[in-house]
Amino acid sequence: MKGTKAESPTAAFERTPAGADSRQYVLRLYVAGLTPRSTRAVANIRDICENHLNGRYDLRVVDIYQQPALAQAEQIVAVPTLIRKLPPPLRRIIGDLSDLERTLIGLDLKP
Amino acid sequence: MKSKTRERTSRTPRRTRALTKASTGIRGLDELTGGGLPRGRPTLLCGTAGCGKTLLAMEFIVHGALESGEPGVFMAFEENATELATNFASLGYDLDALIARKLLVIDFVHIDRTETEEAGAYDLEGLFIRLGHAIDSIGAKRVVLDTIETLFSGLSNIEILRDELRRLFRWLKTKGVTAVVTGERGETSLTRFGLEEYVADCVILLDHRVDGQLATRRLRIVKYRGSSHGTDEYPFLIDDGGISITPVSASGLQYKVSAGRVSSGVPDLDAMMEGEGYYRGSSVLLSGTAGTGKTSLAAHFAFATAARRERCLWIAFEESSSQITRNMRSIGIDLEPAVRQGFLRFHPVRPTICGLETHLARIHGLVEQFGPRVVIIDPVTNLSAVGRDAEVKTMLTRLIDYFMAQGITALFTSLTPGGTPLEATEVGVSSLMDTWLLLREVQNGAERNRFLHLVKSRGMAHSNQMREFLLTDRGVQLRDVYVGPSGLLLAGGARASLEAVEKAQTVVRGQEAELKVRQLERKRQAMEAQIAVLRAEFDLEESESAKTIGQDEVRARILAADNLRLNRLRRKPNVSAAATTPKPKRGGSP
């Protein structure tokens, strides 16, 4: 009983980052105005999406200056903040995403 | 004149530049700070967990919104809006209603470290935007950040955080909002993350100390740039009315005293004080050993106060209100109508239920709420169960100061434990009191009798006589002290028996006098009878004498006539003999 049932989720978990992932990624990048840091973050996430999420992503960049109410609703404190809304669980990556390694780990794209 | 006006006009702009203050609406805190927190500047509120930071901050916002017309933003880092609303509903604050009326915005800032990854440079512009948006949405004048230090546990880049916090406080100033920033007390610094570095205008420290199992909250203003402020630690109280602070040591000795008098409720006692009783607004100490009638005298005073249709607050540290009313009925004082009509309020409380400071704060609260003209504290000595003597004395000094400032006549009873010198009040408060009544018991044979002595009464010619103190079914009565033949004070049974003896003696003495009068009368009658007899005898004698006198006179006249005749016959030879023989001695010197 223990054997068969315990093995399959583990196997699924291990398969996921290996590239066999077909899930849709919903990403939101919250920036505050067009600062160099914002631009850098936008460029970085675009690169990542193209390199790792070939067509399986929905990325939107939100300027919280334009939509300040969203900052409260989405619990934005630090900017830039990238939120992975899907797949669950919800993940947040703050910073300009120049640390590629940590960004990929944060997005569960790298073990 | 001209120079004066010029002076005034030149001073005016300087005055407008002076620091203005935003009222906190918290009882006591505005007095301490001279009007409130520095307007348009951030104030740091630090203290240990559970000392009331959030409550004070929220009261600042709520009072500002309701009383000063200044909407506020409460940025909460630890509790969400629902939790806050629930917590403050118990204090009677309807936060949801304030939010609906656009007087309040609560923004819950939450950083979950487990779902957050840091990848590269960032800043806290998100926080600024949220705060700015909240402020602008309701035109907020007040902001609370409670507690922003939570960011330090949510974000790992301390350097960025510090830079951003510094920027935040500068930004708050430019926004012109009066801000309260709370911070947890650190081991060696005021706050764990050194927030005091950024908030330099006003720092308030809250403390929650446990001393002998009793916790007392205290508040201290560590600094207040550009303003004078109280520097001591002030106790504060959190009850169902929120926070209240008692800045009593600020009151000083500058109150106006009253020349009015209030009756003690015992006419005999009033008679000892120029017939008028205590001074209004004075403090009266009633000390004595157990069972000397302190509470009874206090009850008289309470009764008299209610009879004047003035309010009396009775803080009972020993008995419940029903106990007091029942016991006082036995000496003919019915306090119940006064309670029913709202002139007398009992506040029975165990002294050990809270610390001295809390007691003080509670009494303040009660006085403010009830507005009494007379306060009775019975007995004040029970407070020494919760504090050292010096502390109790300080507390009482502040209490007396407070009562005097309010023009309240205060009566404190003080229990002198048996075996100590009678005039040593347990907490050494007698010097603070205006009037000191000493009740003592004196053993006399097989009974104990009570005596009352007016030890002092400032500002009046009071009696120095000791009085016997009687508890009758018509209340307290004072009797002149009976000094027995041996010079001893006599009271109670001894006095009664002596009085009886004396009474008997007067009866006897009366009887004796009557007897004497009667005897005298008899004597007089006897004497008069004798006189009558004597007079009769005398009359008889007189008449007899007159008879003999008459005969004698006749005889004498005849005899005289005979002598004359004889003399005439003898004259001549007698005269010649005298002329022929002169005296030889007289003409001796030729």
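What span should the 17 residues of α2(A) have at 1.5 Å a residue, and how far apart are its end C-alpha atoms?

Reply: This is a predicted model. At 1.5 Å a residue, α2(A) should span 24 Å. Its end C-alpha atoms are 24 Å apart, so the two values agree.

Start with the helix itself. α2(A) takes in residues 36-52 of chain A. Its buried residues are Arg37(A), Ser38(A), Ala41(A), Asn44(A), Ile45(A) and Ile48(A). These cover an arc of only 130 degrees around the axis, so they lie on the same side of α2(A). An α-helix has 3.6 residues a turn, so residues three or four places apart point the same way. On the other side of α2(A), Pro36(A), Glu50(A) and Asn51(A) are exposed.

Now the cover. The buried residues of α2(A) are covered by elements including β1, β2, β3 and α4 of chain A. The helix lies across three of these, β1, β2 and β3. Against β1(A), α2(A) runs at about 170 degrees.

Next, the sheet. Five strands form an open sheet, in the order β2(A)-β1(A)-β3(A)-β4(A)-β6(B). The pairing in this sheet is mixed. β2(A), residues 57-63, stands at one edge, and β6 of chain B stands at the other. Each edge strand has a single partner, so one side of each is left without a neighbour in the sheet. From one strand to the next, the twist averages 20 degrees.

Go through the pairs. β1(A), residues 25-31, runs antiparallel to β3(A), residues 81-86, and five bridges join the two. Val26(A) of chain A stands opposite Leu86(A) in β3(A). β3(A) also pairs with β4(A), again in the antiparallel sense, over four bridges. Here Arg84(A) stands opposite Arg91(A) in β4(A). β3(A) and β4(A) make a hairpin, with four residues between the strands.

Then the sheet crosses to the other chain. β4(A) pairs with β6(B), residues 116-118, in the parallel sense over three bridges. Ile93(A) stands opposite Glu117(B) in β6(B).

The contact between the chains takes in further residues. In total, 31 residues of chain A are in contact with 21 residues of chain B. On the chain A side, α3 (68-73), β4 (91-94) and α4 (100-106) each give two or more residues. By class, that side has 18 nonpolar, seven polar and six charged residues. Two of these elements have already come up. β4(A) pairs with β6(B), and α4 is among the elements that cover the buried residues of α2(A).

Step back to chain A as a whole. Chain A has four helices and four strands. Along the sequence they follow the pattern α-β-α-β-α-β-β-α. Of its 111 residues, 30% count as buried. Take the contacts in chain A with a separation of 6 or more: residues 24 or more positions apart account for 63% of them.

α3(B), residues 53-67, has 15 residues. From its first C-alpha to its last it reaches 21 Å, close to the 21 Å expected at 1.5 Å a residue. Twelve of the 15 residues of α3(B) are buried, so this helix is largely enclosed by the rest of the structure. Among them are Leu56(B), Met58(B), Phe60(B), Ile61(B) and Val62(B). The buried set also includes Lys53(B), Glu59(B) and His63(B). α3(B) is followed by Gly69(B), which has a positive phi near 65 degrees.

Chain B has strand pairs of its own. β15(B), residues 283-288, runs parallel to β20(B), residues 435-444, and five bridges join them. Leu286(B) stands opposite Leu437(B) in β20(B). β20(B) is also joined by ten bridges to β21(B), residues 447-457, and these two run antiparallel. Trp436(B) has Lys456(B) in β21(B) as its bridge partner. β20(B) and β21(B) form a hairpin with two residues between the strands. In that hairpin, Gly445(B) takes a positive phi near 65 degrees.

Back to the starting point. α2(A) lies across β1, β2 and β3 of chain A. Those strands belong to the open sheet that ends in β6(B).

Key: Residues numbered from 1 in each chain as written. Chains lettered and ligands numbered in written order. Predicted model: local features only at pLDDT ≥ 70, side-chain atom pairs only at ≥ 80, totals over all residues. Contact = placed C-beta atoms within 7 Å. Nonpolar A, V, L, I, M, F, W, Y, C, P; charged D, E, K, R; others polar. Pairing = 2+ DSSP bridges. Expected span 1.5 Å × (residues − 1). Buried ≥ 20, exposed ≤ 12 C-beta atoms within 10 Å, placed from the backbone. Axes fitted to C-alpha atoms, helices over the stretch in contact; angles between N-to-C directions. Arc of directions from axis to C-beta.
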